[in-house]
Amino acid sequence: MSIRVRLLLSFTIVLMVTIVLFASSAYLITIAVTGDVRSFSDFYKNHYKLNPLSKSEERIFLELKELAKTDPEKLMDEELLSDYDFQLRMIQAGLYVRKELKQVFVSPSLREPNLGAALPDYEMANNQIRNTMNYGSRFFAYAKFDFTFPDKDRGSIYVLRERSPFAEMIRKLFPILIGLLLAILLLMNWLLFRLITRSIIKPLNGLRQSAEQIKDGDLHFEVKAQSNDEIGQLCVSFEEMRRQLKHSVQLQLQYEDNRKELLSSISHDLRTPITTIKGYVEGIRDGVADTQVKMDKYLDTIHSKVISLDRLVDELFLYSKLDLKRVPYSFEHTDLGRFLEDITEELRFDLDLQGIYIEGTYPDSPITVVADRDKLKRVVLNLIDNGVKYMDKDEKIITVCVSKEETFAKVEIRDNGRGIPEEQLPYIFEQFYRGDESRSGDVGGSGLGLAIAQQIIEGHGGSIWVESQWRQGSSIYFTLKMVTNPASGSGE
Ligand SMILES: Nc1ncnc2c1ncn2[C@@H]1O[C@H](COP(=O)(O)OP(=O)(O)OP(=O)(O)O)[C@@H](O)[C@H]1O
Ligand SMILES: [Mg+2]
C-alpha cells in the first residue's frame with residue numbers, strides 16, 4: 001500500500017472517528033443535562049413549558065387570572081388591559097385577550113394577522129396553563145387562562161413572552177450545520193492531505209527518481225532541498241552522496257585515463273632503446289661492424305641504451321611502489337643544512353668537471369626535520385640532475401638554499417638553465433611528462449624524476465612546487481616539517 005493511500009485511509013478514519021465522537025458526546029451531554037434520552041430542542045421546549053414566564057410576568061398573569069375568576073367583565077375594559085399591557089411591555093412580554101373567536105385586546109408587539117387562529121383552542125378545565133407555541137418563525141412561551149364571561153361566552157387571557165427560537169432554529173438548521181461541519185472536516189482533511197503530499201510524498205518521489213537516475217549512471221543533476229525538515233535533510237544528504245559519487249566516478253575515470261597513458265608511455269619509452277639495441281645487434285650479426293672501432297662504437301651504444309633501460313625500469317619500479325604507497329619510509333631526525341651540504345660536496349667534483357658551479361646557503365643553527373635520508377637524497381639528486389640536464393648557459397650555476405619558515409623548512413634548488421615555458425609548469429610533476437625541448441633534445445630521461453620527487457616529498461607530509469622563467473632559470477622548492485624539540489627522540 002503506498003504512503004499516499006495509507007495517508008488517505010488514516011485521514012478518513014480520523015475523520016469518521018471525530019464525527020462519531022462528536023455525535024456521541026453531544027448525545028451524552030443531552031442525556032446528562034436532561035436526564036432523559038431527548039434532544040436539545042425538547043429540553044428547551046420543556047423548560048419553557050414548565051416556566052414560561054418570569055416572576056413579574058407570572059405576578060401579572062395571576063392578577064389577570066384572579067380578575068377572570070372574580071370579575072371577568074373587567075377584562076373587556078380596554079383601559080385596564082392597556083394598563084396591564086404597559087406593565088408587561090416593560091418586561092418585554094405581551095397580552096392577548098379573546099372572547100370566543102373575537103380578539104378583545106392584543107399588545108402591539110403581538111399584532112400578527114392570524115395569531116388568534118394559531119392560539120390553542122379553549123380548554124375550560126385549564127389543565128394546560130403553561131406551554132410554548134410556534135407562530136411562523138416566532139417562538140412563544142405563554143401562560144393562559146380560559147374562563148367564562150357573564151354572558152356565557154368563553155374567553156381567554158394569554159400572557160406571552162417571545163423566546164429566542166434557538167431550539168427551533170437548531171432543529172431546522174441542524175442538517176445544514178451537520179452538512180457544513182462535514183464539509184469543513186472534509187475540506188480540512190483534503191487540505192492536510194495535500195499539505196502532507198506536498199511536503200513528504202513529492203520530495204520522496206523526487207528522491208526516488210534521482211536514485212533511479214543514479215542507477216542508470218546519470219550523475220549530472222542536482223537534488224534541491226525544498227525545506228529544512230527531516231525530508232529536506234534527507235535531500236541534502238542525498239545530494240552530498242551524489243556529489244561524492246560523481247567525484248569518485250570522475251576520479252575513477254581519471255585513474256583509468258592515467259593508467260592508459262602510463263601504459264602507452266612505458267611501452268613507448270621501452271620501445272625506443274630496444275629498437276636501437278635491436279638495430280645495432282642486427283648490424284653486428286650482419287657484419288656491418290667490420291672494424292674494431294665500429295664494433296666498439298656499436299657495443300658502447302648498446303651498453304648505454306641498456307643502462308638507460310635499466311634506469312628506466314628502476315625508476316618505474318620505484319615510482320609504482322611509491323604510487324601504491326608500498327615503500328616503507330625509515331624516518332629519522334636529520335639536520336637539513338648538514339644533509340644538503342654533504343650532498344653538494346659529494347657532487348662538487350663531478351659537477352666541476354662539467355663546468356657547473358654548485359653553491360649552498362645553509363643557516364648556522366641546525367634545522368632538524370624528520371626524513372628518510374635515502375629517499376630525500378633521491379629527491380635532491382633528481383632536482384640537481386634536472387638543473388644539470390637543462391643547463392644552457394656558459395656560466396653554469398646551481399644553488400641550494402635552506403631557510404626556516406614558521407613550522408617548516410624550505411629548500412630551494414635553483415639553476416640558471418633554460419627555464420620552463422609557463423604553459424608546461426602545471427604538468428612537469430606528472431609521470432612521464434617531458435617538455436617538448438627535452439624530448440627533442442639529446443638529454444635522456446623518462447619524465448619520472450619530478451614525479452618521484454613529488455611522491456617522496458608528499459610521503460614526508462611536505463609540498464613541492466616550481467617557479468621558473470623561460471630562458472632565465474628555474475627554482476624547485478620543497479618543504480619539510482620541522483621538529484620543534486629535536487631532543488625528543490628520532491623517527492615518527
Ligand atoms: N630545472 C629544469 N629546467 C628546465 N626544465 C626542467 C627542469 N626541471 C624539469 N624540467 C622540465 O620538466 C620535465 C620533467 O622533468 P622530470 O625530471 O620529471 O623528467 P626528465 O628530467 O625529463 O626525466 P628523468 O628525470 O626521469 O630523467 C622535463 O622533461 C623538462 O622539460
Ligand atoms: Mg629529471
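Author: Two strands are said to pair if DSSP finds at least two bridges between them. Strands (E, at least two residues) and helices (H or I, at least four residues) are themselves DSSP runs, numbered from the N terminus. The model is predicted, so local features need pLDDT of at least 70 and side-chain atom pairs count only at pLDDT 80 or more, while totals for chains, interfaces and linings use all residues. Residues are numbered from 1 along each chain as its sequence is written, chains are lettered from A and ligands numbered from 1 in the order in which they are written, and side-chain values use heavy atoms, with hydrogens and water left out.

Strand S3 (residues 130–135) runs antiparallel to S4, and six bridges join the two. One of the paired residues is Arg130, whose bridge partner in S4 is Ala143. Two residues lie between the strands of this hairpin, in which Gly136 takes a positive phi near 55 degrees. S4 also pairs with strand S5 (residues 154–163), again in the antiparallel sense, over ten bridges. Here Phe145 stands opposite Ile157 in S5. The hairpin of S4 and S5 has five residues between its strands, and Lys152 takes a positive phi near 75 degrees. Ten of the eleven residues of S4 (residues 138–148) are buried, so this strand is largely enclosed by the rest of the structure. Buried means under 20% relative accessible area, exposed means over 50%, and partly exposed lies in between (1.4 Å probe, protein chains only).

Strands of a sheet pair through backbone hydrogen bonds, either parallel or antiparallel. An open sheet with mixed pairing is formed by five strands in the order S7-S9-S10-S12-S11. At its edges are S7 (356–361) and S11 (464–469), each of which pairs on one side only. Direction ignored, neighbouring strands of this sheet are turned by 15 degrees against each other on average. S7 is joined to S9 (residues 396–404) by six bridges in the parallel sense, and Tyr357 stands opposite Ile397 in S9. Helix H10 (residues 373–389) packs on this sheet, where it touches S7, S9, S10 (408–415) and S12 (473–481), and its direction makes about 170 degrees with that of S12. Helix H12 (residues 449–459) also packs on the sheet, touching S11 and S12, with its direction at about 20 degrees to that of S12. Contact means heavy atoms within 4.5 Å; axes are lines fitted to C-alpha atoms, for helices over the stretch in contact, and angles run from 0 to 180 degrees between N-to-C directions.

Among the buried residues of H10 are Leu376, Val379, Leu383 and Asn386.

A polar side-chain atom of Asn386 lies 2.9 Å from an oxygen atom of ligand 1. For Lys389, an N or O atom of the side chain is 2.9 Å from an oxygen atom of ligand 1. Ser446 has a polar side-chain atom 2.8 Å from an oxygen atom of ligand 1.

Definitions and conventions:
A polar contact is a pair of N or O atoms within 3.5 Å; within protein, one must be able to donate a hydrogen and the other to accept it, and residues adjacent in sequence count only if both atoms are side-chain atoms.
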